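Good morning, and thank you for coming.

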Amino acid sequence: MPAAKLSSFFLPTLREAPSDADNVSAKLMLRSGMIRKVASGIYEWLPLGLRVLRKIEGIIREEMNAIGGQEVILPVVQPRALWDETARWGVYGKELLRLKDRKDGEFCFAPTAEEVVTDLVRREIRSWRQLPLMLYQIGLKFRDEIRPRFGVMRSREFLMKDAYSFHAGEEDVNRYYGEVVGAYKKIFNRCGLNFRPVEAQSGAIGGSFSHEFMVLAETGEETIVSCADPKCGYAANIERAEASRPEDAGRGASSADDPNFKKPEDIRTPGLHTVEEVADFLHESPKRFLKTQLYVLQGKPVMALLRGDHQLNEAKLAAHLGAPDIRRAGEEEYVKFLGCPVGFAGPQGHPDVPIHADFAALGVLNGVTGANKNDFHTIHINNPRDFKIAGSADLRMTTPDDPCPRCGGKIEWHKGIEVGHAFKLGTKYSQAMGATYLDKSQNPQPAVMGCYGIGVGRTVAAAIEQNHDANGIRWPAAIAPFHAVLIVLDEAEDSRVREAAEKLRGELPRAGLEILEDDREGSPGVKFKDADLIGIPLRVVLSKKSLDRGGAELKLRSAPQPEIAPIAECLPRSLSLLGLPAKEAAAITPEVSKL
């Protein structure tokens, strides 16, 4: 396709970002004319931004099709009746945008599509011979976030690729899950991103196991824990990361009359609520403390017990209890169930409150804890003499001092941005909605499901968060809106420039390179600044000065200095600088060629 002319390209750039732009990608996407804000968490995608979206979509489609995916378009307005079948109408709470039609029928604007796609499959699939089946779509979703922020990274309306697979048995979904994870790795590698697949919690969507795909960026919201040894490969988000189990974790549970147990004693601690405050007052290590946190499940109290220097991981507690709807108790509920204010509760004296302990808490000998009365703590509390444990598990947040849970080596912490998520759903939706098939013995069986999402707009923003500098965006070549910006100077004054310019205008696009020609009136400095702002990977400058030096000036966005290439060598040198072999150049942007 011929080079696009910047003079007629809709690219409303800004010198300064709006004051409410609250992260790097939002500021640069607004300044570079990629997006504009319509309302809180709702954005327009302008031509430059749409080109990047389409490139990522094209890569996703190729890799989804390569593993047998079939593209569909599912409705964004979904009937309540389907959501009632899975009991999720209330789970999403206010994030679910609820609608009524003229007949008072209740609907929602899709935040996801498990119900709709499961309904489709249950109406059409009858036999094991029709499985496995994977259907995917790339379309709009809406989640009514209470506090939209970070531009398109946490918006209310967003573009998402969501895929759903159906299988005749657990073994087949496990096999295919691995194929999808492999395809996701190819997608993000092709996008030129530095990322990690990490173990994750499944959340409200459900399922037994899941992976998040995190783009590494210092500005990321998520914390990633990974093994420093690349041969190990362990990585998890902070919610899922496994904490090490101390060697003494089971020390106190064998006998209620252990001779090492000292007699409990209440100590007055007026106005001291936190472990740190009481530890300082008693001159004790926080590791000697037993910290309690009260939760409520279906109206009944549940206690989590931790070592004093550890923090509770609520996602782990919910998974341990199989109760995603568990909530932290308020001050009134502490008084109601435990008889004391927050900050003075202990595990002793509550036989009707089930206690679930983190492994590390089991090893605390003669511990310090709340006395279950205001302004008092108790020393020398022990399990099982003074309280009974209903269950134990890894319930705490991991710390930098923990070893790798797989190989025992050193762990590293990174910041990341979630751009994709893969779930093993099992039969949660197929069982609830009756999506069954007849097996080889002609017996009905619920289809086993997988679910796989990629935030397309979020991937754009994450790429910017990972690839920018003080001057603007630095796009990876594969997803850049254009591969090169062509700036021709002195064309009206020098016939050599006119002749060379015509050659480059024809030759570069014919090789598959997408060229944006800055044909506007204005100084070279302004044009260079705009090229850097919008992140075009390669700048090609042709002028009397460059020809006098031997050709055209080529400068990678990431390079400190330009180089001169003879006109006859501009094409192969451009492809080389961009890392695009000539034989592949014409095929790298199937979606953008349609714009």
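Predicted model: local features only at pLDDT ≥ 70, side-chain atom pairs only at ≥ 80, totals over all residues.

Let us begin with helix α10, which covers residues 456-466. How do the axes of α2 and α10 cross? Helix α2 spans residues 47-66, and the two axes come within 9 Å and cross at roughly 115°. Angles of 65 to 115 degrees count as roughly perpendicular, and α2 and α10 are therefore described as roughly perpendicular to each other. Their crossing is right-handed. On the α2 side, the contact is formed by Val52, Leu53, Ile56, Glu57 and Ile60, while α10 supplies Val456, Gly457, Thr459 and Val460. Sorted by class, the residues of this contact are 6 nonpolar, 2 polar and 1 charged.

Helix α10 also packs against helix α1, residues 24-31. Here the axes come within 8 Å, and the crossing angle is roughly 105°. This makes α1 roughly perpendicular to α10. From α1, the residues Val24, Ser25, Leu28 and Met29 meet Val460, Ala461, Ile464 and Glu465 of α10. In this contact there are 6 nonpolar residues, 1 polar and 1 charged.

I now turn to the backbone. As background, most residues other than glycine have a negative phi, and most peptide bonds are trans. Proline 132 sits in the loop between α4 (114-124) and β8. Another cis bond runs from asparagine 383 to proline 384, and its omega is near 10°. Proline 384 belongs to the loop between β20 (376-381) and β21 (391-393).

Next come positive phi values. Glutamine 298 is not a glycine, yet its phi is positive, at about 50°. This residue is in the loop between β15 (290-297) and β16 (300-307). Histidine 380 likewise has a positive phi, near 70°, but its place is in strand β20.

Histidine 380, by contrast, is buried, with a relative accessible area of 16%, since buried means under 20%.

Let me close with two residues in loops. Serine 155 lies between β8 (133-142) and β9 (157-167). With 6% relative accessibility, serine 155 counts as buried. A polar atom of its side chain is 2.9 Å from the backbone oxygen of glutamate 157. Which residues does serine 155 touch, apart from neighbours within four places in sequence? They are Gly41, Tyr43, Arg143, Glu145 and Arg149.

Alanine 477 is found in the loop between β27 (472-473) and β28 (484-488). At 15% relative accessibility, alanine 477 is also counted as buried. Setting aside neighbours within four places in sequence, alanine 477 is in contact with Lys55, His483, Pro537 and Leu578.

Thank you for your attention.

Definitions and conventions. Residues numbered from 1 in each chain as written. Heavy atoms only, no water. Helix = DSSP H or I, 4+ residues; strand = E, 2+ residues; numbered from the N terminus. Buried < 20%, exposed > 50% of the residue type's maximum accessible area, 1.4 Å probe, protein only. Polar contact = N/O pair within 3.5 Å; in protein donor to acceptor, adjacent residues only side chain to side chain. Contact = heavy atoms within 4.5 Å. Axes fitted to C-alpha atoms, helices over the stretch in contact; angles between N-to-C directions. Parallel < 35°, antiparallel > 145°, perpendicular 65-115°, else oblique. Left-handed = near helix turned anticlockwise from the far one by under 90°. Nonpolar A, V, L, I, M, F, W, Y, C, P; charged D, E, K, R; others polar.
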